[in-house]
Amino acid sequence: SGRFFANEFHRVTGVRPSKYLREAQLERARFLLRTMDLTINEVAYAAGFGRRRSFFRAFSRATGVTPRKYRQSATCSREF
């Protein structure tokens, strides 16, 4: 069952499946923002977010900056 899986996943990894998935999505988004020339919307969908708004909210909460500002700072870091 789903509950059994969630409990076992948490027991083994120490993280809830939903949090693990969200972290994987955000890591994918950070990678895409740093390396690909995609629009922010394309990054959101490629990272597995169904809605642009949920991506912006989750990304901003996790990083403290908007996806656009993250991309700008990552781009500046690569140039030096």
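Where do Glu8 and Arg11 lie, and how many residues apart? Both lie in helix 1, three residues apart, about one turn of the helix.

The model is predicted: local features need pLDDT of at least 70, side-chain atom pairs count only at pLDDT 80 or more, and totals for chains, interfaces and linings use all residues. Residues are numbered from 1 along each chain as its sequence is written, and side-chain values use heavy atoms, leaving out hydrogens and water.

**View 1. Glu8 pairs with Arg11 in a salt bridge.** The closest N and O atoms are 2.8 Å apart. A salt bridge puts a side-chain nitrogen of Lys or Arg within 4 Å of a carboxyl oxygen of Asp or Glu. Glu8 is partly exposed at 27% relative accessibility; Arg11 is exposed at 59%. (Buried is under 20% relative accessible area, exposed over 50%, partly exposed in between; 1.4 Å probe, protein chains only.)

**View 2. Thr13 sits in helix 1 (residues 2-13).** Helices are DSSP runs (H or I, at least four residues), numbered from the N terminus. A polar atom of the Thr13 side chain lies 2.7 Å from the backbone oxygen of Phe9. The Thr13 side chain also reaches the backbone oxygen of Val15 at 3.1 Å. Gly14 follows helix 1, with a positive phi near 85°.

View 3. Glu27 is partly exposed at 39%, whereas Arg30 is buried at 16%.

**View 4. Helix 2 has six named buried residues: Gln25, Leu26, Ala29, Arg30, Leu32 and Leu33.** They lie on the same side of helix 2 because they cover an arc of only 165° around the axis. The arc is taken from the directions from the helix axis to the C-beta atoms.

Definitions and conventions
Helices (H or I, at least four residues) and strands (E, at least two) are DSSP runs, numbered from the N terminus. A polar contact is a pair of N or O atoms within 3.5 Å; within protein, one must be able to donate a hydrogen and the other to accept it, and residues adjacent in sequence count only if both atoms are side-chain atoms.
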